[in-house]
Each structure stands twice: as structure tokens, then as C-alpha cells.
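Visitor: Could you take me through the strand pairing in this structure, and then show me what lies in its core? I would enjoy a close look.

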Amino acid sequence: MKITTCLLRLLRVAVLALGASAASAEEVLLTLTGAVRDGQVTIARADLDAMEWREIATSTTVTDGQPLFRGVLMRDILAHAGAEGETVTAQALNDYVIDIPVRDFHDFDVIAALYMDGAALTPRDKGPVWIVYPRDDHGVLADIRYDMRWVWQLSALHVQ
Ligand SMILES: Nc1nc2c(c(=O)[nH]1)N[C@H]1C(S)=C(S)[C@@H](COP(=O)(O)O)O[C@H]1N2
Ligand SMILES: [Mo]
């Protein structure tokens with residue numbers, strides 16, 4: 001009897017764990033609106049996992065040294081959403097909003113980063129998604145105009 005109870009409990013823990021990971025894989029990280037497929041496309045972790053991941057080691061205005069960021073190219077996210085436009089209005093969880101020319105994402109390998117130095121970015125720490133430019137690879141990017149486009153806590157992209 002005890003063994004049965006124990007096994008049942010184990011089974012429940014396993015089922016709960018599976019449920020939790022499935023939920024987080026489907027949890028919406030980014031919402032794209034405007035000139036995208038069907039007017040709205042949501043991106044979950046599972047969608048990003050099906051795409052190519054890139055790394056950028058770069059200095060930033062808010063960290064020391066050159067952290068290693070890992071994420072998905074912004075241009076790949078736009079392509080995935082069928083985006084057709086010249087400007088992306090990026091919005092953050094803290095209501096920060098800024099317009100970014102889509103050109104940036106073709107001129108530079110800008111990523112939507114989910115990890116910094118191997119650790120998942122959390123809403124407390126610029127996450128879960130942070131727009132990261134390859135700042136150290138292009139002199140022109142070390143400029144306030146571009147620093148303003150490093151949106152942390154990114155939640156939505158409106159394409160026009
Ligand atoms: N979510 C969010 N992202 C943001 C901001 C912000 O207020 N909220 N500030 C932007 C600005 S104006 C700059 S210059 C850079 C660096 O901001 P900091 O120097 O104020 O830390 O992050 C950008 N990303
Ligand atoms: Mo700024």
C-alpha cells in the first residue's frame with residue numbers, strides 16, 4: 001500500500017512537472033501587431049526554439065565587461081511573423097516605447113536575447129527579452145541613437 005501511494009505521488013509530481021514545462025514553452029513572450037500575418041502573431045518559447053539561435057559578446061551601457069548574449073535574430077522573428085514594414089514600434093513591460101527602423105535588423109545582426117552569460121534573463125534583470133545590438137562590431141552603434149533601441153523587458157512589436 002505504501003509503495004502504491006509513493007508511486008502515485010511520484011507520478012503526480014512527474015505529470016505536474018510536464019505540465020509546467022509545456023505551459024512555459026507555450027507562454028507568450030512577444031506579440032507582433034500591425035503589418036504582420038493576420039494582423040497579430042504571438043511568439044512563445046517553443047517558436048523561438050524552432051529558430052536559429054545566435055550569440056553576441058558585447059559591451060553595453062548598463063553592464064561591466066562584454067557579456068555573452070544568446071537569442072534569435074530580430075530579422076528572423078519579423079520574417080517568422082510575415083512582417084512587411086519599415087518601422088517597428090517596440091514596447092516594453094515598463095511601458096517604454098521606441099520606434100526602430102526595420103533596416104537596423106538587416107544592417108546589423110541584432111538579436112532578441114533571452115540569456116546573458118548563460119543565465120536566463122528575468123523581468124527583474126532586463127528580461128525575459130532584451131534587444132541587443134552587436135555594439136562592439138560596428139563603431140556606428142556606440143551612439144545614444146542606438147543605445148535607446150536596446151529595449152529590455154521587450155513585450156510587443158508593432159510593425160508599420
Ligand atoms: N524597457 C526599457 N528599455 C530601455 C529603456 C527603458 O526605460 N525601459 N531605456 C532606453 C534608453 S533611453 C537607453 S539610453 C538604454 C540604456 O538606458 P540607461 O542608460 O537608462 O540604463 O536603454 C534603453 N532601453
Ligand atoms: Mo537613453
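Guide: Strand S5 (residues 87-92) and strand S10 (residues 154-159) run antiparallel and are joined by 5 bridges. Within S10, Leu154 is the bridge partner of Ala92. A word on the terms: strands are DSSP runs of E with at least two residues, numbered from the N terminus, and two strands pair if DSSP finds at least two bridges between them. Please keep in mind that this is a predicted model, where local features need pLDDT of at least 70, side-chain atom pairs count only at pLDDT 80 or more, and totals for chains, interfaces and linings use all residues. Residues are numbered from 1 along each chain as its sequence is written, chains are lettered from A and ligands numbered from 1 in the order in which they are written, and side-chain values use heavy atoms, leaving out hydrogens and water.

S5 and S10 belong to an open sheet of 5 strands with mixed pairing, in the order S2-S1-S10-S5-S6. Strand S2 (40-44) and strand S6 (97-101) each have a single partner strand, so one side of each edge strand lacks a neighbour in the sheet.

Now to the core. The largest nonpolar core has 44 residues, and Leu32, Ile77, Ile131 and Tyr133 touch the most other members. Such a core is a set of buried (under 20% relative accessible area, 1.4 Å probe, protein chains only) Ala, Val, Leu, Ile, Met, Phe, Trp, Tyr and Cys residues joined through side-chain atoms within 4.5 Å. Strand S7 (residues 111-116) gives the most to this core, with 6 residues.

Conventions: Buried < 20%, exposed > 50% of the residue type's maximum accessible area, 1.4 Å probe, protein only. Helix = DSSP H or I, 4+ residues; strand = E, 2+ residues; numbered from the N terminus.
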